[in-house]
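Visitor: I would like to learn how to read a few features of a protein model. Could you take me through this one?

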Amino acid sequence: MKLSVSARAAAAAAVATTMLLTGGAVADAASAPARPAAAPDIPLAGVKAHLSQLQSIATANGGNRAHGRAGYKASLDYVKAKLDAAGYTTTIQQFTSSGRTGYNLIADWPGGDTSQVVMAGSHLDSVTSGPGINDNGSGSAAVLEAALAVSRAQYKPTKHLRFAWWGAEELGLVGSRYYVNRLATGDRSRISAYLNFDMIGSANPGYFVYDDDPAIEKTFKDYFGGIGVPTEIETEGDGRSDHAPFKSAGVPVGGLFTGASRTKTAAQVAKWGGTAGQAFDRCYHSSCDTTANINDTALDRNSDALAYAVWELSE
């Protein structure tokens with residue numbers, strides 16, 4: 001979706017025209033410090049290519065990518081290989097839950113002030129009953145593509161950027177809690193924002209924004225306001241995803257969500273389209289959560305919003 005880029009381009013053109021008409025402002029602007037480059041549009045095709053890979057991994061490994069199963073490790077290996085090739089420093093964190101080995105994947109982009117860390121994360125595991133393409137291949141693929149966009153742009157943010165893919169979320173936020181609990185107090189305080197993306201391509205989507213940290217919430221709302229998409233406060237998954245351990249540790253958190261098993265109302269259909277009286281995701285935690293269970297428009301908008309927030313909050 002190109003709206004985020006075209007909207008910024010239109011705004012920039014309007015500013016340039018005003019400067020030319022008012023005279024003298026061009027010289028003033030030339031002496032002003034340069035604003036960092038705007039976030040790129042995240043290619044939907046790239047995000048969907050990752051989802052296709054995750055689907056293929058699940059299909060080849062018993063139909064799922066669950067904690068402790070071969071499909072999860074193959075998913076992690078796929079993501080890690082992409083990040084390593086893009087120049088990230090990757091770390092695998094190993095833990096045990098329910099008698100099985102789990103893994104978190106952490107990727108750090110070189111540079112930036114490590115006393116101010118902006119993190120974006122998602123859980124990479126599925127339930128055992130399905131491949132988990134919306135829950136949470138969608139968030140995992142979008143975070144990966146945003147990380148690759150950072151590399152393609154050779155972005156040099158003021159703050160340090162870190163991306164994460166969590167294991168065993170479906171067993172109770174095990175991987176993210178393991179990570180947060182093992183951070184030294186000083187390291188926790190250095191995380192200026194943690195952004196969570198768990199289910200962002202629901203087939204009958206809503207546009208929900210976490211209302212935890214006001215500055216992060218405003219960043220996401222500004223993006224959606226700029227493309228004319230109304231949002232609502234996220235309540236269905238409040239405290240049920242990987243932002244919760246960070247929030248409990250005092251880290252500012254935020255994120256996006258397109259809905260799970262709750263039913264879409266007529267008022268929400270008037271805002272967003274879709275089908276009233278039907279779940280936002282009829283395939284939630286089911287075998288039908290495949291690549292066919294994705295709304296491309298929602299996935300595209302949320303992927304672009306993710307990148308917008310990463311760029312804005314890391315400047």
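**Reading the model**

Guide: Keep in mind that this is a predicted model.

Visitor: Is Gln268 buried or exposed?

Guide: The cut-off for buried is under 20% relative accessible area. Gln268 has 9%, so Gln268 is buried.

Visitor: Which residues does Gln268 touch, leaving aside those up to four places away in sequence?

Guide: With those set aside, Gln268 is in contact with Phe208, Glu232, Thr263, Gly273 and Phe280.

Visitor: What does the protein chain look like as a whole?

Guide: The chain contains eleven helices and eight strands. Of its 315 residues, 51% are buried. Among contacts with a separation of 6 or more, 77% are between residues 24 or more positions apart.

Visitor: How do I read the packing of two helices?

Guide: Two packed helices are described by the angle between their axes and the distance between the axes. Take helix H5 (residues 133-153) and helix H11 (residues 296-314): their axes come within 10 Å and cross at roughly 50°. That angle makes H5 oblique to H11, and the crossing is right-handed.

Visitor: Which residues of H5 and H11 meet?

Guide: On the H5 side they are Ser138, Ala142, Val143, Ala146, Ala149, Val150 and Ala153, and on the H11 side Leu299, Ser303, Leu306 and Trp311. By type, this contact has nine nonpolar residues, two polar and no charged.

Visitor: At what angle do H8 and H11 pack?

Guide: Helix H8 (residues 214-226) packs against H11 at about 130°, with the axes 9 Å apart. H8 and H11 are therefore oblique to each other, and their crossing is right-handed. H8 contributes Ile216, Thr219, Phe220, Asp222, Tyr223 and Phe224, which meet H11 residues including Arg301, Asp304, Leu306 and Glu312. The residues of this contact divide into nine nonpolar, two polar and four charged.

Visitor: What should I look for in the backbone?

Guide: Most residues other than glycine have a negative phi, and most peptide bonds are trans. In this model, the peptide bond joining Asp135 and Asn136 is cis, with omega at about 5°. Asn136 belongs to helix H5.

Visitor: Where is Leu173 placed, and what is its phi?

Guide: Leu173 sits in the loop between strand E4 (159-166) and helix H6 (174-181). Its phi is near 60°, a positive value in a residue other than glycine. With a relative accessible area of 6%, Leu173 is buried. Met199 also has a positive phi, near 75°. Met199 is in the loop between strand E5 (191-197) and strand E6 (208-209), and Met199 is buried at 2% relative accessible area.

Visitor: How many disulfides are there?

Guide: A disulfide is a covalent bond between the sulfur atoms of two cysteines. To count one here, the sulfur atoms must be within 2.5 Å. By this rule there is one disulfide. Cys283 is joined to Cys288, with an S to S distance of 2.1 Å.

Visitor: Why is the disulfide of Cys283 and Cys288 called left-handed?

Guide: The torsion about the S-S bond of Cys283 and Cys288 is about -115°, so the disulfide is left-handed.

Terms used
Residues numbered from 1 in each chain as written. Predicted model: local features only at pLDDT ≥ 70, side-chain atom pairs only at ≥ 80, totals over all residues. Heavy atoms only, no water. Buried < 20%, exposed > 50% of the residue type's maximum accessible area, 1.4 Å probe, protein only. Contact = heavy atoms within 4.5 Å. Axes fitted to C-alpha atoms, helices over the stretch in contact; angles between N-to-C directions. Helix = DSSP H or I, 4+ residues; strand = E, 2+ residues; numbered from the N terminus. Parallel < 35°, antiparallel > 145°, perpendicular 65-115°, else oblique. Left-handed = near helix turned anticlockwise from the far one by under 90°. Nonpolar A, V, L, I, M, F, W, Y, C, P; charged D, E, K, R; others polar.
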